[in-house]
Amino acid sequence: MTTYIIRRLLWLLPILLMVNLLTFILFFVVNSPDDMARAQLGNKHVTDAAIAAWKAARGYDLPLLWNSEASGWSMLSQTIFWQKSVQLMLFDFGVSDAGRAIGADLAQRAWPSLWLALPSFVLGLVVNITLALLLVMFRGQWLDKLGLVISVIIMSISGLFFIIGGQYVMAKLWHWFPISGYEPDGDLWRFLLLPIMLGVIAGVGSGVRWYRSILLEEADKDFARTARAKGMSQWQVMRKHVLPNGMLPILTGVVAVLPLLFMGSLIMESFFGIPGLGSYTIDAINSQDFAIVRAMVYLGAVLYVFGLILTDIAYAWADPRVRLGDD
Amino acid sequence: MLVLWSDVVVWLLVLSLVGFGWQLKRDALARERWRLVAQSHSALASSVILLWFVFIALADSIHWRTDDPYRPVVSALDVALTEMATGQEKSYSAPFAIESLWKETRQLDDGSVIRVPVALKHAGMHLNNASEQATDMVQQSLFWLVVGAGLATILIMLLARLRLFKTSDLPWRTAAYTLITLSALSAWLWGMGQSYHVLGTGKVGQDVLYETLKGVRTGMLIGGLTTLLTLPFAISLGIAAGYFKGWVDDAVQYTYTTLNAVPGALLIASAMLLAQLYLAQHAELFASEQERADVRLLLVCLVLGLTGWTGLARLLRAESLKLREMEYVKAAKAFGVSDGKIIGRHLLPNVGHLVLIAVVLDFSGLVLAEAVLSYVGIGVDPTMPSWGNMINLARQELNREPVVWWNLFGAFVGMFTLVLSANLLADRIQQVFNPRAQGRS
Amino acid sequence: MKWWLLLSCIVSLSAHATWNNPYPRGWVHENTLFSAFSAPPKTLDPVRSYSSNEWVFLANIVEPPLQYHYLKRPYQLEPLILTQMPTVHYDATSDTSSYTLHLRDDVVYAPHPAFAGKKRKVTATDLAYAIARMSDRRNGSPILDMMMPLIVGLEAQVATLAKLPKSSEWRDYRQFNPQGVEVVDERTLVIRIKGQYPPFIYWLAMPFFAPIPWEVDAYYAQPGMKAANQSWSWLPVGSGAYYLAENNPNHRMVLQRNPNFHSETYPHEAGSTVPKSLLADAGKPLPFIDRVVFALEKEAVPYWTKFLQGYYDASGVSSEVFDQAIQLNEQGKLSLTAEMRAKNMQLVSSVATSSSYMGFNMRDPVIGQGNDKAKYLRQAISIAIDYEEQIAIFLNGRGVVAQGIIPPGIAGASADCNPITHVGEAGQCQRRSLADAKALMAKAGYADGIDPATGKALVLYYDTVSTGADDKAQLDWMRKQFAKLGIQLVIRSTDYNRFQEKMLAGNAQIFSWGWNADYPDAENFLFLLAGGNAKMDAGGENASNYKNPQFDALYEQIARMEDSSERRALIQQAVAIVREDAPWVFGLHPQSVSLFHGWVNNVYPNLMANNTLKYRRIDVTQREQAQERWNQPVLWPFAVGALLLIGLVGLVWRK
């Protein structure tokens, strides 16, 4: 097991490298440090000297890939690539173009993201699976059909409408929730309840359909049919056979996305003023702060890779027949 | 005649679809399956609605230049909707209103000043006074509904005469009713749009119904073009990986894992930021803002396509891995048939259904994604009419008193109808073509 | 599941009066002011910060030597941490002026770990330290290039510091005083500047010249501080009425009363136009409020909603909510709507000390300097662009058409009409008719807008930074204005960077720009057209590259003079020259409008001062009552929801 994980890590390392290289090329080749400086410096009294000073303060005055003026090792290390990208690989996120330490900001903002994303995810999972079970139990009957129709309808509505509408009605008109904000100390749930609820509702359409199809597949398998033929009640079949067997695909699906919850929700966070990583990312995109975008890309890639490994482990753990090692 | 780049693409798309249909004529199995698809009431009705959307999008994809400096480029749709397109007010007005929502300062005879709504310039012009409006609307509505329904009925009867509905086991009746409803509705919208702003006007006085209809093309293009752009990558790389295995497989897997590893939104955002920078730096390449917005739209599709092919590629790889172990493939190989021929003869036809399902499933997701991208500011050009842009602007309008809801509503109805029809059709297609999903309703 | 959760929440909620209070429970009952900011500040480092959305915080934290009197108009400086206004002495032999600053004895910094618990007084060395720190390129001061030719020895100092080996280690700037900055004793500082330049005194009221205690500078230079966001940029230290208790630019900023704040009282005097009610607190010690909370609020909907709910004490007025909040009455005067009056709001508005204008590149062969024909063309365009209409359409009437380069409210401004574009008495200027403009076009050789060289409509190019869909309407409008003269306007919109590059290279023909006053003196606007500041030559702020020897001579003279009737006459001459030459279409001066709830007292617009939080007073009980009244939760949906649920369950049960 350990050797497998190490082997897997070694296979995944080049992916992180490639991601890093890709973002470096994307950002530094097209957008010159001069552009970044001017975008950040504002509009009064911007002189060449000021731009040079800005670049120097952030290490953007170095050559991109190869420093011919330096000697020896620093020919490589005294470059933007080394200072920015290689440092990033080592989780040294550096300073944003606006001048804040990215690492400190990430640590601070990860919590609100998690507080929003994790309950949304867990609650969504519970609601979706429960409803899916209900539909499977009443399979082919009017409840199932109604459920499917509602699912398709919800699926066809952009999540933005749920958020805009929910915020408008429940917060603005009915005064049930603070319209936006986040207070870590005390009654956090007052701020999170609305976004969590809306997140669950927006996801319920596709979620129920997805879990319903997984559970149906199990329900159609021979052992479930046999159990039913033996006179087991529908509910017992569900509990004893369908649900446990359906858990494997559900579990592996869950494990793969779990680490990515750290990245936060772009839309939800910025709509409800939650200072998490999602709104951090959006702000960085809007203010063209590429240092933050680069850091977030890398962080996302690391979490994705982590999710891949977790999935493998989950497979092995849940299903002993799977031997780790064959790809 | 001026042709935008996206027009070229649209018509190429149509051509390829027609080609695809031609192909079907010869393939009995596929024909049978499509007949099964069409047997569903909801799928057939959805198809009619989708075709209607396609028709609007196509009408909006024939462009030419004019001498008018305010409308340097117009499309066939613009011409059909001239009244709505040019009937610009100063600012907001409610649906069917004949007075503005904004107020203007008027000086009374006694010197005092009041703020009052003003009469709209392009709504209710034919009315002598406001009290006539209700009667006029009822009369006009009846007239246009009857005209629309009548035209569709005549068309259907003509088609029936031509004995086009040979296959009698299809629910033609449903299709006919859908068509009649659609036609009546369209005629009503168009007719009422001549003398009123059916969905009101927006911030700078643009007709919201017109914006909504213009959004059709953007939505369709993003959904349709992007999915088709992903196909070449997904099919070639997916099959190659599965069929050749070895280092090809490794390379392909490595590529798509890398692409997947970058968070989707960020990859799109980064690519779009760079595309925007490029467009800004090369502003001189484009004669008009519309052309620039057009290129940006294509770039959005390209970027979405570039990031979207991995899922299908993975599916196709797995399927090819299975297929290459099949007896007939092995036999063909033993006989020395070239790899290209094996792929063309045995693999490609057998993964067709997977590709089809992926295309229809992705379509609606992409239409929805456009709204989110525009919200983040990395979607289509802000000057381009699109549902995402409408939603984005509409957010602020909820602050107004009275609330301006019609922009949000227009975008909602447009998106919902398109995505719902696409979803219903996709469901049916998946049911018919995916052997694993058979028997589940 | 969901319903149970909701129900349990409701049970626990019923203990509280309002459900939607967006703060920690206790705060709304305390002497706390609630405000919002829409974009995180980029830096709060006094040496670098140069934008009003940063000075909102910074000016209440650090104290430069001088401040603007809160209520006197026209704007007047007064000592803040000095015992008296600086004494200025001009030495003709060396052609330098020396400013002597006498520090107060009781000014103490807010507590900071670098002071190790001691009460640290502000000294003359700290003031000198700030200037020396500015002279280091490493610190990126935006005004360094402007101060270099002014302060004696600064240029040499910049060169010296630039020669030091590159490092990020702490530099003790006490050793790097420029020659012109002299610490006489603990409480006395002398700054010498070249020549005579009275506006220099205004700079002493900006955070750039706020004292910097070296201990804190050394403290922040320690390893690991920057990575923890412990730096001047994010935790500035000063002697102001407040200190920054919580700095999370991603969420909220909290200012807390500075326990060490020196004695200062609410002013006794006020300008003639200021309502007497504003003097009710005269003589009382400042500040009144204990804590100021700024919440990050990026979206307009929550901002406005929370303001209406009483959770923000002040708000701007966006165009979306303009008609709800404000109505225009006689001659476009703003007043509150009945709805807002019922909420007991206060309206605060004033014409901003800024200009937004359309500039012509004077080096351009078609539209630029050199011959009278181009001048007539510029004048014709100046008439044709109907800024009155633009203000009405795009600004909801919030603005004043500019009659010259100097906005009202600034020493040297006058209200008379620009005879080139307007006719009528001062204060009642009417735009000249289009016929006048067309006559000028004919004089310029472009009768009916036809360019004789091509026989077609004259084509002009307009460069602009535009991104949003909103801009499109404005651009269309602009195109229409030129079309009135038969001119075809080609709009080249680019991003901000490309625009800057074009301006530097002088590739633009017509462009839009604006200027926000640094200080309330005409010189700060006249210099925008001084030949020596031409953007193409010097990278200065003269974006039009306008150069008129007559104007330049007047400018030199004005810059060296103190305010006097003689100086005002010279300013009028300079303005007249510019009006005639029309290097700008003067555009408009925007009017800033904001709303305050009734429980906020002592609110009066002061566009120059940013340290105004200390004058504010709030009535907490009044606020509490209003919040209760405005935020009662609507309960009927619960009943409806419960009924629906019961119905659904019943249906399933019966089947």
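**Legends to the close-up views of the predicted model**

**View 1. Confidence along chain A of the predicted model.** Chain A has an average pLDDT of 83, and 94% of its residues score at least 70. Within chain A, the lowest confidence falls in helix H4 (residues 74-77), where the mean is 72, whereas the highest is found in helix H8 (residues 159-173), at 92. Where pLDDT is low, the predicted coordinates should not be read in detail.

**View 2. Secondary structure and extent of chain B.** The secondary structure of chain B consists of 16 helices and 4 strands, and its C-alpha trace spans about 100 × 60 × 40 Å along the principal axes. Of the 441 residues in chain B, 52% are buried.

**View 3. Surface and charges of chain B.** Chain B has an accessible surface of about 20,400 Å², and carbon and sulfur atoms account for 66% of that area. The side chains of chain B include 35 that are positive and 34 that are negative, with 12 Å between the centres of the two sets.

**View 4. Secondary structure and extent of chain C.** Chain C contains 21 helices and 26 strands, and its C-alpha atoms occupy a box of roughly 90 × 75 × 50 Å, taken along the principal axes. The radius of gyration of chain C is 28 Å, which agrees with the value near 26 Å that a compact globule of 655 residues would have. Buried residues amount to 58% of the 655 in chain C, and 69% of the contacts with a separation of 6 or more are made by residues 24 or more positions apart.

**View 5. The surroundings of C:Ala124.** C:Ala124 lies in helix H3 (residues 124-134) of chain C, and this residue counts as buried because its relative accessibility is 0%, under the 20% cut-off. Apart from its neighbours within four places in sequence, C:Ala124 is in contact with C:Leu103 and with C:Val183, C:Asp185, C:Glu186, C:Arg187, C:Thr188 and C:Leu189. The C-alpha atom of C:Ala124 is separated by 15 Å from that of C:Val62, a residue 62 positions away along the chain.

Terms used: Residues are numbered from 1 along each chain as its sequence is written. Chains are lettered from A and ligands numbered from 1 in the order in which they are written. This is a predicted model: local features need pLDDT of at least 70, side-chain atom pairs count only at pLDDT 80 or more; totals for chains, interfaces and linings use all residues. Side-chain values use heavy atoms; hydrogens and water are left out. Helices (H or I, at least four residues) and strands (E, at least two) are DSSP runs, numbered from the N terminus. The radius of gyration is taken over C-alpha atoms; the globule rule is 2.2 Å times the number of residues to the power 0.38. Buried means under 20% relative accessible area, exposed over 50%, partly exposed in between (1.4 Å probe, protein chains only). Contact means heavy atoms within 4.5 Å. pLDDT is the predictor's confidence in each residue, from 0 to 100. Accessible areas come from the Shrake-Rupley method with a 1.4 Å probe; for residues, only the protein chains shown count as cover. Lys and Arg count as positive and Asp and Glu as negative; His and the chain ends are not counted. The place of a charge is taken as NZ of Lys, CZ of Arg, CG of Asp or CD of Glu.
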